[in-house]
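Good morning, and thank you for coming. Please take a moment to look at the sequence and the model that I am about to show.

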Amino acid sequence: MVSRDEIINKAHELDFADIGFTNADPFEFQRKILKEREAEYAWVAGTGRDLMAGIDPKKALPQARTIIVLLELYFSKRYPRNLEPFFGRCYLDDDRVTQDGMALRLGAFRSFLNQNGINSKVPSDLPHRLAAARAGLGTFGKNCLLYSNNVGLRSSWVSPVPIVIDVEYEPDRPTFEVGCPDWCKNACIVACPTGALKGPRHIDPRRCVSYLTYRGSGLTPRELREPMGLNVYGCDRCQNVCPRNAPWLAADLSENERVKKKSSDFQLEKLLHMDQAYYEQRIRPHMFYMSVEDIWRWKMNVARSMGNTRDSKYVPELTRAFYENADGRVKAMCIWALGRIGGAAARDFLDSIRPLKDEVLSEEVEYALNLCG
Ligand code: SF4
Ligand code: SF4
């Protein structure tokens, strides 16, 4: 049988940042949390996932004996400046659809296990951060994220990949603790713009900007539009403000060439005016949480983000988008964004479209004109 060290060497050879081992016992702590926070996680069932099933690794592989956890440092290289303020970093090089990046290395790792007589499964519902902490790979932050013990200058820019296998290996020592320094006065909780962090290690995902950008329903309520800021898809604020991440954020990283190649596709102007073919071919292979029917939500998010830049260069884009979109939610956000940017050109346009028959849009125009001052 292949040794533990040989498995570790293979993971490093395939460029995974770290690797740990834990047993295949159920994650009883996760069961307790899910029961206590049932209402906060009820929406997950609608996505086809079953978090309760993920508690027991034997549901994925009945002969489960060990969980190997690989750690991917997803922010090992710098991302283009036109992307970072608008998109969560963990989505910028996500190959879960294209299967042409980390998926190839994961496939090679599992082939290696298979060639050595080890069966493996990669269950998507297994609590991956808990598994990583149980495998000694990191401690928790009060923002609920995992902070690496060994790589990325101990930052949170890591994504754990748990692999359930049918062979027993010696487990690593768990590191379940919260590793935050006392002198950090809960900076992440204070900085969370929508109050999603309800306390140390307690997030209400329904209030998280990430959730709101890709799953929020209807027109974004007015009181969330400014707090959601520039974020079009995902949010990194509780990581950006964290002192545990400061060393990595200050590091001199080389640019991610793979992401740079597609970065122009994600320019706000292009996203605001995209059609279905553009979305399906250029965007959805990389950021796929929203269906084709949800292009309106992308555009609504982009319009809000443009408004929050307060940059008048977006006024012509927003006025054009107002006319080219039939969806009232997109139109309403274009109106709001124009008010948020303000200035003579925005005010003149808002004046010019009065009166509107649609009551909601009409009210948005009056509100936006007030914003313009
Ligand atoms: S990702 Fe953003 S909205 Fe979500 S908890 Fe962190 S700071 Fe709050
Ligand atoms: S901001 Fe402070 S409290 Fe929050 S995770 Fe970082 S160190 Fe911990």
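I shall speak about a sheet, then a threonine, then the surroundings of a ligand.

Please keep in mind throughout that this is a predicted model.

Let us begin with the sheet. In what order do its four strands lie? The order is β1-β2-β6-β3, in an open sheet with antiparallel pairing. At the edges stand β1, residues 18–23, and β3, residues 120–121. Each of these two has a single partner strand, so one side of each is left without a neighbour in the sheet.

Consider next how β2 is joined to the strands beside it. Strand β2 comprises residues 66–73, and six bridges link β2 to β1 in the antiparallel sense. Phe-21 lies opposite Ile-68 of β2, and Asn-23 has Thr-66 of β2 as its bridge partner. Helix α1, residues 4–13, packs on the sheet and touches both β1 and β2. The direction of α1 makes about 140° with that of β1.

Strand β2 also pairs with β6, residues 158–165, over eight bridges, again in the antiparallel sense. Here Leu-71 has Pro-160 in β6 as its bridge partner.

Is β2 mostly covered or mostly uncovered? The strand is mostly covered, with eight of its eight residues buried. In a regular strand, side chains alternate between the two faces of the sheet. In β2, Thr-66, Ile-68, Leu-70 and Glu-72 point one way. Ile-67, Val-69, Leu-71 and Leu-73 point the other way, and the residues of both sets are all buried.

We now turn to the threonine. Thr-139 belongs to strand β4, residues 138–140. Why does Thr-139 count as buried? Its relative accessibility is 9%, and buried means under 20%, so Thr-139 falls in that class. The side chain of Thr-139 makes a polar contact of 2.7 Å with the side chain of Arg-244. Leaving aside residues up to four places away in sequence, Thr-139 touches several others, among them Leu-145, Tyr-147, Thr-175 and Glu-177.

Finally, which residues surround ligand 1? They are Cys-192, Pro-193, Thr-194, Leu-197, Ile-203, Cys-208, Val-209, Cys-235, Arg-237 and Cys-238. By class, this shell has eight nonpolar residues, one polar residue and one charged residue.

That concludes my presentation, and I thank you for your attention.

Terms used. Residues are numbered from 1 along each chain as its sequence is written. Chains are lettered from A and ligands numbered from 1 in the order in which they are written. This is a predicted model: local features need pLDDT of at least 70, side-chain atom pairs count only at pLDDT 80 or more; totals for chains, interfaces and linings use all residues. Side-chain values use heavy atoms; hydrogens and water are left out. Buried means under 20% relative accessible area, exposed over 50%, partly exposed in between (1.4 Å probe, protein chains only). A polar contact is a pair of N or O atoms within 3.5 Å; within protein, one must be able to donate a hydrogen and the other to accept it, and residues adjacent in sequence count only if both atoms are side-chain atoms. Contact means heavy atoms within 4.5 Å. Two strands pair if DSSP finds at least two bridges between them. Axes are lines fitted to C-alpha atoms, for helices over the stretch in contact, and angles run from 0 to 180 degrees between N-to-C directions. A residue is near a molecule or strand if one of its heavy atoms lies within 4 Å of it. Ala, Val, Leu, Ile, Met, Phe, Trp, Tyr, Cys and Pro count as nonpolar, Asp, Glu, Lys and Arg as charged, and the others, Gly among them, as polar.
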